[in-house]
Amino acid sequence: MPPLLSNIIEWLRAGYPQGVPETDYIPLIALLRRRLSDTEVREITAALVDQGDLPIGKPDIQVMITKVTDEKPLDADVDRVHAHLVAGGWAIPDETPITESH
């Protein structure tokens, strides 16, 4: 088992020595949602730039994240890719923030 996963399991067992109560599963799952790594943010940014469809908007970022992760993009990840593109000097249209449905 990877060390990170072992640490998480040890932490959960310490906090829930009698097991996780049913009412606590949903909050725990919410904490475990996947987040893009810094490497993935750079890869997605490079893929968007290489694609050459300028200007790059937030819908473009969402589509690329979905292609790379095969998951619905989180607003925080879209914002991280957006910030990386802006830092790289790529013109991005000012758009209304994307709201995530739960």
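Predicted model: local features only at pLDDT ≥ 70, side-chain atom pairs only at ≥ 80, totals over all residues.
Residues are numbered from 1 along each chain as its sequence is written, and side-chain values use heavy atoms, with hydrogens and water left out.

Student: What makes up the pattern of the protein chain, read along the sequence?

Tutor: The pattern is α-α-α-α-α, and the chain has five helices and zero strands, where helices (H or I, at least four residues) and strands (E, at least two) are DSSP runs numbered from the N terminus.

Student: Why is Val-63 called partly exposed?

Tutor: Buried means under 20% relative accessible area, exposed means over 50%, and partly exposed lies in between, with a 1.4 Å probe and protein chains only. Val-63, which lies in helix H4, has a relative accessible area of 45%, and is therefore partly exposed.

Student: Which residues of H4 are buried, then?

Tutor: They are Lys-58, Ile-61, Met-64, Ile-65 and Thr-69.

Student: How do you know where on H4 its buried residues lie?

Tutor: Seen down the helix axis, the buried residues of H4 fall within an arc of 120 degrees, so they line one face of the helix; the arc is that of the directions from the helix axis to the C-beta atoms. What covers these buried residues includes H3 and H5.

Student: What span should H4 have, and how far apart are its end C-alpha atoms?

Tutor: The expected span of a helix is 1.5 Å times one less than its number of residues. The twelve residues of H4 should therefore span 16 Å, and its end C-alpha atoms are 16 Å apart, which agrees.

Student: What makes a set of residues a nonpolar core, and which residues make up the largest one here?

Tutor: A nonpolar core is a set of buried Ala, Val, Leu, Ile, Met, Phe, Trp, Tyr and Cys residues joined through side-chain atoms within 4.5 Å. The largest one has twelve residues, among them Leu-36, Leu-48, Ile-61, Met-64 and Leu-85. Helix H3 (38–51), helix H4 (58–69) and helix H5 (75–87) each supply at least two residues of this core, and H3 gives the largest share, four residues.

Student: Which residues does Leu-48 touch?

Tutor: Contact means heavy atoms within 4.5 Å, and, not counting residues up to four places away in sequence, Leu-48 touches Ile-56, Asp-60, Ile-61, Met-64, Val-81 and Leu-85.
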